[in-house]
Amino acid sequence: MERYLASDDPDFENKAADVIGLYLAPPQHAAVFCVDEKTAIQALDRLDPVLPLSPGRLERHGFEYRRNGTLSLYAALDVKTGKVQGKTAERHTSAAFIEFLEQLVSTCKTRQEIHIILDNLSAHKTAQVTEFLERNPT
């Protein structure tokens with residue numbers, strides 16, 4: 001079964017055109033990052049060592065794991081270069097997200113125009129994120 005959910009935002013087409021334009025023709029001297037998060041990644045270690053290859057036998061792994069909690073991963077794709085920057089955090093909070101944004105901004109030239117493409121996750125809409133954007137108007 002396939003589903004499609006149309007946006008009820010009356011300005012959706014203009015916003016989509018802006019984002020697509022950043023991907024297809026990024027501004028020449030600006031930095032364009034596509035940012036996403038993966039939350040609640042299980043941090044696992046195998047309990048048994050990996051059994052090495054031997055003639056006629058593939059490398060084998062034990063099936064039991066030690067659970068070490070969860071992590072959140074933040075990643076940003078630089079649209080021009082294709083390079084990815086990442087950061088892990090113990091919890092998925094707006095403070096951790098802002099730390100990642102500060103890391104991204106620190107890799108750019110002073111006063112360089114920066115475009116960050118995000119989804120509409122609630123952690124992106126907090127007062128702390130708004131304050132960060134006001135402190136970093138470029």
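1. **Basis.** This is a predicted model, in which local features need pLDDT of at least 70 and side-chain atom pairs count only at pLDDT 80 or more, whereas totals for chains, interfaces and linings use all residues. Residues are numbered from 1 along each chain as its sequence is written, and side-chain values use heavy atoms, with hydrogens and water left out.

2. **Overall fold.** The protein has three helices and four strands, where helices (H or I, at least four residues) and strands (E, at least two) are DSSP runs numbered from the N terminus. Read from the N terminus on, the order of the elements is α-β-β-β-α-β-α. The protein is more spread out than a compact globule, because its radius of gyration is 20 Å, well over the 14 Å that the globule rule gives for 138 residues. That radius is taken over C-alpha atoms, and the rule is 2.2 Å times the number of residues to the power 0.38. Along the principal axes, the C-alpha atoms fill a box of roughly 60 × 45 × 30 Å.

3. Of the 138 residues, 21% count as buried; buried means under 20% relative accessible area, exposed means over 50%, and partly exposed lies in between, with a 1.4 Å probe and protein chains only. Among the contacts (heavy atoms within 4.5 Å) with a separation of 6 or more, 61% join residues 24 or more positions apart.

4. **The largest nonpolar core.** In soluble globular proteins, nonpolar side chains tend to be buried together. A nonpolar core is here a set of buried Ala, Val, Leu, Ile, Met, Phe, Trp, Tyr and Cys residues joined through side-chain atoms within 4.5 Å. The largest one has 16 residues, and those with the most contacts inside it are F33, V35, Y74, A76, F97, F100 and L104. Two or more residues each come from β1 (31-46), β2 (65-78), α2 (94-106) and α3 (127-135), and α2 gives the most, with six residues. Not counting residues up to four places away in sequence, F97 touches V35, E37, Y74, L118, A123, H124 and V129.

5. **The largest pocket.** On a 1 Å grid over the protein atoms alone, a pocket is an open set of points where a 1.4 Å probe fits, with protein on both sides within 12 Å along at least five of seven lines, and lining residues have an atom within 4 Å of a point. The largest pocket holds about 420 Å³ of space, a volume being the space filled by probe spheres set on the points, which are joined across faces, edges and corners. Its lining consists of K15, A16, V19, L22, H115, I116, I117, L118, D119 and N120. The elements that give two or more residues to this lining are α1 (12-24) and β4 (114-117), and α1 gives the most, with four residues. By class, the lining has six nonpolar, two polar and two charged residues; Ala, Val, Leu, Ile, Met, Phe, Trp, Tyr, Cys and Pro count as nonpolar, Asp, Glu, Lys and Arg as charged, and the others, Gly among them, as polar.

6. **The second largest pocket.** The volume of this pocket is about 320 Å³. Of its 19 lining residues, the closest to its centre are I114, I116, L133, N136 and T138. At least two residues each are supplied by α2, β4 and α3, and the largest share, four residues, comes from α3. The lining has ten nonpolar, six polar and three charged residues.

7. S72 lies in strand β2 and is buried, with a relative accessible area of 4%. Leaving aside neighbours within four places in sequence, S72 is in contact with K38, T39, A40, K87, T88, A89, R91 and H92. Q112, in the loop between α2 and β4, counts as buried because its relative accessibility is 16%.

8. A43, in strand β1, counts as partly exposed at 22% relative accessibility. The C-alpha atoms of A43 and Y65 are separated by 9.6 Å, although these residues are 22 apart along the chain. V50 lies in the loop between β1 and β2 and counts as partly exposed at 39% relative accessibility. Twelve residues apart along the chain, V50 and G62 have C-alpha atoms separated by 7.0 Å.
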